[in-house]
Amino acid sequence: MTQALRLAERGLYTTQPNPRVGCIIAHGERVVGQGWHERAGQPHAEVFALREAGEQARGATAYVTLEPCAHYGRTPPCADALVAAGVARVVIAAEDPFPQVAGRGIEKLRAAGIIVESGLLRDAARELNIGFFSRIERQRPWVRVKLAMSLDGRTALANGESKWITGEAARADVQRWRARSSAILTGGGTVLADNPLLTVRLTDQPFTPPLRVVLDRRLRTPAGSHVLDGTTPTLIMHAASARITDNRFDQVERVVVPEQGDVLAVMALLAERGCSELHVEAGPALCGALFAAGLVDELLLYIAPLMLGDCALPLMYLPALTAMADRWSLRAIDQRRVGQDWRLQLRPGSA
């Protein structure tokens, strides 16, 4: 199963909106077939593994990181393929919560006389597809906020200048987090201040370009902004009252979100569009609003060995606290040096 999970990781940047899945077919310790899901619309991991195994699949054990599908989508059911191949046993890491699967794959296999076991390395399998499980089980994407700050907790100078707080290695590291995401979200203020590209710049491996999303309530994004260039799918979210009188948004999609509870509406809308992992790169106002609303699942924090002073912009704008008991607690799930900077991966909750 560990080997199957490593195979699944090969689809980290390419399977959106589908989950990353790996499959190993073996007789005892002898592997006769292996595969992983590479892209949405292409064969699933089990199909590639069965093709490689051929007749040797008969009587074998299939190790799959996610419950085999039981329905016709863009590809036929993998449960049927495993039955037809004559495997004797299927070991599943995590059950699939997708409504059209959700135990039906296991039922099909058992109905055909195949021994089915589940739960082996379940936590690791769920972690690999943390956004997929969030979208299906919570009807919203896994929200990962990326921020870069100085040692004194500042993200930009008072005039808004922020290029560059971190070094080249940290900025390259961010590209991989962008690449694994379904969408990259920012606010209209960040577009006005920085004119970001919000694209993935990787040259060493394929990836599925994430959707660019701009929360621009008043449609203030100016003509000539990179996010309006039409080079990658882009969604501008705005209030119903916003009006435009020119064609600067012609190359992007626009959608109205409510002005009250808009961040919740944004999450629901993105989930409906198949967004599993949402990567947020925004200013202190939007990041603070997401955090205060309890919508931040993970904080990717890069810390540079420099100081910007107390007039510089803070990490987030958060409500004032009157008691230490009300503080927001985070636990570190990973910490490492990236070039001259440090990267902390944090999630809500006490250690």
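Leucine 219 lies in the loop between β9 and β10 (234–238). The model is a predicted one. In this model, leucine 219 has a positive phi of about 55 degrees, although it is not a glycine. The residue counts as buried because its relative accessible area is 3%, and the cut-off for buried is under 20%.

At 28% relative accessibility, asparagine 195 is partly exposed.

The peptide bond from glutamine 16 to proline 17 is cis, with omega near 0 degrees. Proline 17 belongs to the loop between α1 (2–9) and β1.

An open sheet is built from five strands. Their order is β2-β1-β3-β4-β5, and the pairing is mixed. Strands β2 (30–36) and β5 (115–118) form the edges, each pairing on one side only. On average, neighbouring strands are turned by 15 degrees against each other, direction ignored. Within the sheet, β3 (residues 61–66) and β4 (residues 89–94) pair in the parallel sense over five bridges. Valine 64 stands opposite isoleucine 92 in β4. Helix α2 (residues 45–53) lies across β1 (22–27), β2 and β3. The helix runs at about 140 degrees to β2.

Nonpolar packing was examined next. In soluble globular proteins, nonpolar side chains tend to be buried together. The largest nonpolar core in this model has 44 residues. Ile25, Leu50, Ala57, Leu82, Val87, Val90 and Leu109 touch the most other members. Strand β4 gives the most to this core, with five residues. Valine 87 touches Leu50, Ala57, Gly59, Ala60, Leu82 and Ile114, not counting residues up to four places away in sequence.

A hairpin is formed by β15 and β16. Strands β15 (residues 330–338) and β16 (residues 341–348) pair in the antiparallel sense over eight bridges. Aspartate 334 stands opposite glutamine 345 in β16. Two residues lie between the strands, and glycine 339 takes a positive phi near 65 degrees.

The structure holds two aromatic pairs. Phenylalanine 132 and phenylalanine 133 form an edge-to-face pair, 5.6 Å centre to centre, with 75 degrees between the planes. Both phenylalanine 132 and phenylalanine 133 are buried. Phenylalanine 291 and tryptophan 328 form an edge-to-face pair too, 6.0 Å centre to centre and with 70 degrees between the planes. This pair links distant parts of the chain, with its residues 37 apart. Phenylalanine 291 is in helix α10 (residues 284–292), and tryptophan 328 is in the loop between β14 (313–314) and β15. Phenylalanine 291 is buried, with a relative accessible area of 11%. Tryptophan 328 is partly exposed, at 36%.

Charged groups also meet tryptophan rings. The charged end of arginine 10 sits over the ring of tryptophan 36, 4.7 Å from its centre. The charged end of arginine 171 sits over the ring of tryptophan 164, 4.5 Å from its centre.

Key: Residues numbered from 1 in each chain as written. Predicted model: local features only at pLDDT ≥ 70, side-chain atom pairs only at ≥ 80, totals over all residues. Heavy atoms only, no water. Pairing = 2+ DSSP bridges. Helix = DSSP H or I, 4+ residues; strand = E, 2+ residues; numbered from the N terminus. Axes fitted to C-alpha atoms, helices over the stretch in contact; angles between N-to-C directions. Contact = heavy atoms within 4.5 Å. Core = buried A, V, L, I, M, F, W, Y, C linked by side-chain atoms within 4.5 Å. Buried < 20%, exposed > 50% of the residue type's maximum accessible area, 1.4 Å probe, protein only. Phe/Tyr/Trp six-rings, centres within 6.5 Å; stacked < 30°, edge-to-face > 60°. Lys NZ or Arg CZ within 6 Å of the ring centre and 35° of its normal.
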